[in-house]
Structures are given as structure tokens and as C-alpha cells.
Amino acid sequence: MTDFDPANFANYGPKEFAQLVKSTPDDKIVEVMSGELRGKVLSEVFGRMPTLFRADRAGSTSAVIHWGITGRPDGGTDTYEIVVADGACTVNETPQHDPKLSLTMGPLEFLKIVSGGANPVMMFMTGKLKAKGDLGLAANIANLFDIPKG
């Protein structure tokens with residue numbers, strides 16, 4: 001489990017995935033995320049978000065959040081949409097609604113945040129994570145998901 005191989009991600013639970021991200025050198029993650037396996041990694045991570053969503057912590061939160069992951073091989077950004085409404089979380093690979101919050105970050109920062117290996121507030125303060133819109137929601141977003149600790 002020491003090789004950052006997206007082909008095996010489906011076999012990893014959240015804790016194993018977090019440990020994998022933590023134990024993989026940053027340059028290796030950047031290399032994988034700038035190659036042909038990037039889409040598989042992003043689809044796997046975003047596909048898990050509804051199962052990691054904590055409705056008990058969300059309360060009456062209703063929000064559309066766009067996640068922009070920069071660094072695509074063609075120089076572009078992949079944007080995923082998370083919709084939190086009625087105690088549920090859904091993910092769209094193509095944004096369909098105006099966001100209440102837009103987050104933009106590089107692929108390394110994204111994987112560190114979703115694996116519990118980075119503090120989103122510190123990343124915002126240091127410019128590694130850009131947030132536009134509801135900053136209160138941005139500060140609370142990690143609480144809406146059961147993020148494993150690597």
C-alpha cells in the first residue's frame with residue numbers, strides 16, 4: 001500500500017486512503033495528478049463524498065459548493081459540484097447550479113484536505129486554497145464530512 005496507484009483506490013477504505021496520501025511523497029502525487037489517471041482519482045474521491053457526509057452535523061445547511069482542482073494536463077481546471085440539501089449530499093461532475101461557495105486549489109492540496117492531512121483554514125491563509133462566497137461555510141466544510149486521519 002505504499003505506491004500511489006489510482007487503479008487500487010477502490011480497494012482502500014477512507015483510513016487506508018488517508019494513510020496512502022500521507023505516506024506518498026508530494027512530487028509523486030503531483031506526477032500522478034498531472035497525468036492520465038487524474039480523472040480516476042478525482043472521480044473516486046468525489047464519489048465517496050456522499051457516503052462520508054455527516055447529516056447529523058449539517059443540520060439545516062443548504063448549499064452548492066464548487067470544487068475547482070487546478071493543474072489538469074491541458075492547463076485547465078476540473079470543477080465538481082457538491083449539493084448539500086435536505087440532510088443529503090450529492091455530487092455532480094459538471095456544475096449545474098450557482099455556487100454558494102467556490103473553492104479552488106491544486107491537486108496536491110485537494111488530496112491533503114480530503115485525506116485529513118491538511119488544515120483548510122491554514123491553506124486559505126497561506127493562499128494555497130482560494131475561497132469565494134460564503135466564507136463561514138468554507139470554515140465549517142470539514143465538519144460536514146467524516147474525514148479520516150491518516
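## Helices α2 and α5

The crossing of α2 and α5 is right-handed, a term used where the near helix is turned clockwise from the far one by less than a right angle. In this predicted model, local features need pLDDT of at least 70 and side-chain atom pairs count only at pLDDT 80 or more, while totals for chains, interfaces and linings use all residues. Residues are numbered from 1 along each chain as its sequence is written, and side-chain values use heavy atoms, with hydrogens and water left out.

The axes of α2 (residues 26–33) and α5 (residues 107–114) come within 9 Å and cross at roughly 110° (axes are lines fitted to C-alpha atoms, for helices over the stretch in contact, and angles run from 0 to 180 degrees between N-to-C directions). That makes α2 roughly perpendicular to α5, the label for 65 to 115 degrees. D26, I29, V30 and M33 in α2 meet P107, L108, L111 and K112 in α5, contact being heavy atoms within 4.5 Å.

## The sheet

Five strands form an open sheet in the order β3-β2-β1-β4-β5, with mixed pairing; helices (H or I, at least four residues) and strands (E, at least two) are DSSP runs, numbered from the N terminus, and two strands pair if DSSP finds at least two bridges between them. Because β3 (88–92) and β5 (129–133) stand at the edges, each with a single partner strand, one side of each is left without a neighbour in the sheet.

Strands β1 (residues 63–69) and β2 (residues 78–85) pair in the antiparallel sense over seven bridges, and I65 has I82 in β2 as its bridge partner.

## Helix on sheet

Helix α5 also lies across β1, β4 (101–105) and β5, running at about 115° to β4.

Note on methods: Angles under 35 degrees count as roughly parallel, over 145 as roughly antiparallel, 65 to 115 as roughly perpendicular and the rest as oblique.
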